[in-house]
Amino acid sequence: QVQLVESGGGLVQPGGSLRLSCAASGSILSIHTMGWYRQAPGKQRELVAVIISDGTTRYAESGKGRFTISRDNAKNTVYLEMNSLKPEDTAVYYCNADIRTKLGLISTYWGQGTQVTVSS
């Protein structure tokens, strides 16, 4: 079994910063892509940023220049540094990873989500 556990969400004022973390654990052989998605009330889940095992990154336009995704392969952990936060960044943020287990199977896993609220 594989688990993704997120942490770091919370309430922050506009213009503030937060750092989200997501640690993968379990029967992991390798992790290819790791990413962050978010879902605001009444809206569809959307991509925030992804990072491939070689370090290649991709960002949604909404986060370019403000968000930075990174990963620590030794810790099977992905991070999302969010700066200059805006009220429209308010959402539940989900971690996502494409993982090859020790059984050789590749599947996409999701975390349980962490709430980010940007409000004064």
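**Notes on the predicted model**

1. Threonine 114 lies in strand 11 (residues 114-118). Strands (E, at least two residues) and helices (H or I, at least four) are DSSP runs, numbered from the N terminus.

2. A word on the ground rules: this is a predicted model, in which local features need pLDDT of at least 70 and side-chain atom pairs count only at pLDDT 80 or more, while totals for chains, interfaces and linings use all residues. Residues are numbered from 1 along each chain as its sequence is written, and side-chain values use heavy atoms, with hydrogens and water left out.

3. Back to threonine 114, which counts as buried at 11% relative accessibility. Buried is under 20% relative accessible area, exposed is over 50%, and partly exposed is in between (1.4 Å probe, protein chains only). Leaving aside neighbours within four places in sequence, threonine 114 is in contact (heavy atoms within 4.5 Å) with Glu6, Gly9, Leu20, Ala91, Val92 and Tyr93.

4. Next, the disulfide. The count comes to one, taking a disulfide as a pair of cysteine sulfur atoms within 2.5 Å. Cysteine 22 and cysteine 95 form it, with their sulfur atoms 2.0 Å apart. The pair links distant parts of the chain, 73 residues apart: cysteine 22 is in strand 3 (residues 18-26) and cysteine 95 in strand 9 (residues 91-101). The torsion about the S-S bond is about -80 degrees, so this disulfide is left-handed. Cysteine 22 is buried at 0% relative accessibility, and cysteine 95 is buried with a relative accessible area of 0%.

5. Four strands make up an open sheet in the order 1-3-8-7, with antiparallel pairing; two strands pair if DSSP finds at least two bridges between them. Strand 1 (2-7) and strand 7 (67-72) stand at the edges with a single partner strand each, so one side of each is left without a neighbour in the sheet. From one strand to the next, the twist averages 15 degrees; axes here are lines fitted to C-alpha atoms, for helices over the stretch in contact, and angles run from 0 to 180 degrees between N-to-C directions. Strand 7 is joined to strand 8 (residues 77-82) by six bridges, and threonine 68 has glutamate 81 in strand 8 as its bridge partner.

6. The loop between strand 7 and strand 8 holds asparagine 76, which is partly exposed with a relative accessible area of 23%.

7. Finally, the structure holds one aromatic pair. Rings of Phe, Tyr and Trp (its six-membered ring) pair if their centres lie within 6.5 Å; planes under 30 degrees apart count as stacked, over 60 as edge-to-face and the rest as tilted. The rings of tyrosine 37 and tryptophan 110 have centres 5.1 Å apart and planes at 65 degrees, so the pair is edge-to-face. Tyrosine 37 is partly exposed at 21%, and tryptophan 110 is partly exposed at 38% relative accessibility.
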